[in-house]
Amino acid sequence: MGPAATLNRASMTPRRRPTSEPPRVRRLLIGLALGFLALFLVVPLASVFAHALARGWGAYLKSFHDPVTFSAIKLTVIAAAIAVPLNCVFGVAAAWAIAKFRFPGKQLLITLIDLPFSVSPVISGLIFVLLFGAQGALGPWLIEREIQIIFAVPGIVLATTFVTFPFVARELIPLMQAQGRSEEEAAIVLGASGWKTFWRVTLPNIKWGLLYGVILCNARAMGEFGAVSVVSGHIRGETNTIPLHIEILYNEYNFVGAFAVASLLTLLALVTLALKTWVEWKNASAPGANHGSSP
């Protein structure tokens, strides 16, 4: 049999794709994925709103007229409004240093940035109690000067900042490492100052990754429970954030109020998901986007 006959016979043999699955397998996998999402995502989200509106819109809206509820919402917004910008500045500075420069202790800095991911939030709160509490290392010094950090707003801000500071940095580090230093070096050679190089070159290249990190950081800041619970003291109307206030309402069997306030965090999660999807789409469709980098 000649080569031409062999080639002709091979061309007539039906080709099977090695990655193809039978239709029933695909339907089974899709059904399992949809069932999992329905059971662990859709049903819980729907139940939150169902319990919040169990007594009608009047009772739902009345839950937010409570001064204690308003105080919890206000404190949550204040903590996030302070922690997120601080983490944004730290994240950009840390990512820039790690991605653009070589220096002793660079790997140690990366490890420390990941520390809040590996430490329990409750332990994070206890760290601040040991530092700033009445019996802590700096407690007596603070008491002498009538400075209160634990069981006050400063402690809540510190705890929120600690548990959320990796989000922006960890989002920007791989992005800036993938971009390299060539554009910044070219700008400096052309006479641009360091500040102008950052605003005209670095920031436009990282803006979508930065926004992505800020969105995740803000969502975690508003939903943080463990660390804030330890340092807050649970003083009603003064040091309770939204998650802590929800716990108190639930323990008091005020289910409508608890689920009404919980619906705020649920809406925040949905808005965060929508913004996250939009940022990913904008980043992927941006001219010259690096599709292999985070996010």
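1. Confidence by element. Helices (H or I, at least four residues) and strands (E, at least two) are DSSP runs, numbered from the N terminus. The model is predicted, local features need pLDDT of at least 70, side-chain atom pairs count only at pLDDT 80 or more, and totals for chains, interfaces and linings use all residues. Residues are numbered from 1 along each chain as its sequence is written, and side-chain values use heavy atoms, with hydrogens and water left out.

2. Confidence along the chain. The average pLDDT of the chain is 85, and 90% of the residues score at least 70. Over residues 290-295 the pLDDT is below 50, and this stretch has 12 contacts in the model beyond near neighbours in sequence. A contact means heavy atoms within 4.5 Å. Where pLDDT is low, the predicted coordinates should not be read in detail.

3. The cavity. The structure holds one cavity of 30 Å³ or more, and the volume of the largest cavity is about 40 Å³. On a 1 Å grid over the protein atoms alone, a cavity is a set of points where a 1.4 Å probe fits but cannot get out, while a pocket is an open set with protein on both sides within 12 Å along at least five of seven lines; lining residues have an atom within 4 Å of a point. Grid points are joined across faces, edges and corners, and a volume is the space filled by probe spheres set on the points.

4. The cavity lining. Helix H4 (67-100), helix H9 (153-164) and helix H12 (194-223) each supply at least two residues of this lining. By class, the lining has six nonpolar, three polar and one charged residues. Ala, Val, Leu, Ile, Met, Phe, Trp, Tyr, Cys and Pro count as nonpolar, Asp, Glu, Lys and Arg as charged, and the others, Gly among them, as polar.

5. Thr-76. Among the residues that line the largest cavity are Thr-76, Met-222 and Thr-241. Thr-76 lies in helix H4 and is buried, with a relative accessible area of 1%. Buried means under 20% relative accessible area, exposed over 50%, and partly exposed in between (1.4 Å probe, protein chains only). Not counting residues up to four places away in sequence, Thr-76 touches Met-222, Thr-241 and Ile-242.

6. Aromatic pairs. The count comes to 16 aromatic pairs, where rings of Phe, Tyr and Trp (its six-membered ring) pair if their centres lie within 6.5 Å; planes under 30 degrees apart count as stacked, over 60 as edge-to-face and the rest as tilted. The ring centres of Phe-90 and Phe-165 are 5.3 Å apart and the planes stand at 90°, so this pair is edge-to-face. Phe-90 is in helix H4 and Phe-165 in the loop between H9 and helix H10 (166-179), 75 residues apart. Phe-90 counts as partly exposed because its relative accessibility is 31%; Phe-165, at 15%, counts as buried.

7. A second pair. Phe-128 and Phe-162 are also edge-to-face, at 5.8 Å centre to centre and 85° between the planes. Phe-128 is in helix H7 (residues 121-132) and Phe-162 in helix H9; both are buried. Ring pairs link Phe-90, Phe-128, Phe-132, Phe-162 and Phe-165 into a cluster.

Methods. pLDDT = per-residue confidence, 0-100.
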